[in-house]
Amino acid sequence: MSFTAKSLAADGLVAGYGGQPVLHEVSFTANAGEILTVVGPNGSGKSTLIKTVLGLLRPTQGRILLDGKDITPLSPSQRANAGIGYVPQEANVFPNMTVLENLRLGLDFIQRKSVTPFDKRLDEVLELFPEIRSRLSARAGLLSGGQRQMVAMASALMAEPSVLALDEPSAGLSPRNAELLFEIISRIARSGVTLFLIEQNTRLGLGASDSGLVLVSGEVKLSGKASEILAAPEIRRLYLGGA
Ligand SMILES: Nc1ncnc2c1ncn2[C@@H]1O[C@H](COP(=O)(O)OP(=O)(O)OP(=O)(O)O)[C@@H](O)[C@H]1O
């Protein structure tokens, strides 16, 4: 399968609530087809950043760029139609619908005319998620947490996004399932999708990423190659429990 990944960038974002800034001139670039993970302590502004990228929160300064084009004026649905897919942390599947129905909805929600017929797209997406192929007629609410997360990601991929934003994808998963999920995330990136994610598990998230962004109190504390961030002494001390 090949999607068409696009770069996602932020340039000097200032955003917050009720006139009180939470993000202070945050900039980043996720290159096309790469994985960028945002890490940071509780309350550092990670959710605020993903909301601003999706258009749920308007920045008071700065821009969001998709493939170099300014998408800051676009609404959340216009951004979805422009190719930004999103998987929220919770309530990301319809539990009373089957897996197949969930996947169909992933395509139906998007107004962009798809060139690939549903069955072909389904096949392409299921190549990335062999684990759910045999569960298509199961009610999504009956699946395990890890499988539900896969359905949510597969559903978002049905719309053939250029960028997939994931909010704490490993939350609530066992260590083994979290590792498996990140293997799938790498597979998704290799298929031609740019991944922008927030992750609590610093080691796992950065370990699977090309680049990283460390937010502290709404400011970019470190950014660059994920492997270099993981090796930085202050990150090892602060987040990884040791030298
Ligand atoms: N809707 C809101 N109204 C007012 N302030 C908010 C709102 N949402 C978040 N904040 C504040 O913005 C700051 C950043 O919160 P945010 O949720 O973006 O951090 P986070 O890094 O995602 O935290 P966590 O890891 O705990 O989810 C916090 O001080 C928080 O209190």
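# Exercises on helix packing, core and ligand shell

In α3, Val-99, Asn-102, Leu-103, Leu-105, Gly-106 and Leu-107 meet Val-151, Ala-154, Ser-155, Ala-156 and Met-158 of α6. Two residues are in contact here if their C-beta atoms, placed from the backbone, lie within 7 Å. Helices (H or I, at least four residues) and strands (E, at least two) are DSSP runs, numbered from the N terminus.

The model is predicted: local features need pLDDT of at least 70, side-chain atom pairs count only at pLDDT 80 or more, and totals for chains, interfaces and linings use all residues. Residue numbers start from 1 along each chain as its sequence is written.

## Exercise 1

Describe the packing of α3 against α6.

**Solution.** 
- Two packed helices are described by the angle between their axes and the distance between the axes.
- Step 2, the values. The axes of α3 (residues 99–108) and α6 come within 6 Å and cross at roughly 35°. Axes are lines fitted to C-alpha atoms, for helices over the stretch in contact, and angles run from 0 to 180 degrees between N-to-C directions.
- Step 3, the hand. The crossing of α3 and α6 is right-handed.
- The residues of the α3–α6 contact divide into 8 nonpolar, 3 polar and no charged. Ala, Val, Leu, Ile, Met, Phe, Trp, Tyr, Cys and Pro count as nonpolar, Asp, Glu, Lys and Arg as charged, and the others, Gly among them, as polar.

## Exercise 2

**Solution.** 
- Step 1, place. Met-158 belongs to helix α6.
- Step 2, count. Met-158 has 24 other C-beta atoms within 10 Å, so it is buried. The cut-offs: buried means 20 or more other C-beta atoms within 10 Å of a residue's own, exposed means 12 or fewer, and partly exposed lies in between, with C-beta atoms placed from the backbone.
- Met-158 and Asn-102 are 56 residues apart along the chain, with C-alpha atoms separated by 10.0 Å.

## Exercise 3

Find the residues that touch the most other members of the largest nonpolar core.

**Solution.** 
- Step 1, the rule. A nonpolar core is a set of buried Ala, Val, Leu, Ile, Met, Phe, Trp, Tyr and Cys residues joined through C-beta atoms within 7 Å.
- Step 2, the residues. The largest core has 67 residues, and Ala-154, Leu-164, Ala-165, Ile-185, Ile-188, Leu-195 and Phe-196 touch the most other members. The largest share of this core, 8 residues, comes from helix α6 (residues 145–158).
- Step 3, one of them. Phe-196 touches Leu-8, Ala-30, Leu-36, Val-53, Val-163 and Ala-165, residues up to four places away left out.
- Step 4, its partner. Leu-8 is in strand β1 (residues 8–17). With 27 C-beta neighbours inside 10 Å, Leu-8 is buried. The C-alpha atoms of Leu-8 and Phe-196 are separated by 8.2 Å, though the two are 188 residues apart along the chain.

## Exercise 4

Which residues surround the ligand, and which helix gives the largest share of the shell?

**Solution.** 
- Step 1, the shell. Tyr-17, Val-22, Gly-40, Asn-42, Gly-43, Ser-44, Gly-45, Lys-46, Ser-47 and Thr-48 surround the ligand. A residue is near a molecule or strand if its C-beta atom, placed from the backbone, lies within 6 Å of it.
- Step 2, the classes. The shell divides into 2 nonpolar, 7 polar and 1 charged.
- Step 3, the helix. Helix α1 (residues 46–54) gives the largest share, 3 residues.
- Step 4, its setting. Because 7 of the 9 residues of α1 are buried, α1 is largely enclosed by the rest of the structure. Those buried are Lys-46, Thr-48, Leu-49, Ile-50, Thr-52, Val-53 and Leu-54.
- Step 5, the end. Gly-55 follows α1, with a positive phi near 90°.

## Exercise 5

Locate Asp-67 and Ser-217, and give the phi of Asp-67 and of Ser-217.

**Solution.** 
- Step 1, Asp-67. Asp-67 sits in the loop between β4 (61–66) and β5 (69–70). Its phi is positive, about 55°, although Asp-67 is not a glycine. Asp-67 is partly exposed, with 17 other C-beta atoms within 10 Å.
- Step 2, Ser-217. Ser-217 is in the loop between β9 (211–216) and β10. Its phi is also positive, near 50°, in a residue other than glycine. With 13 C-beta neighbours inside 10 Å, Ser-217 is partly exposed.

Terms used:
A crossing is left-handed if the near helix is turned anticlockwise from the far one by less than a right angle, and right-handed if clockwise.
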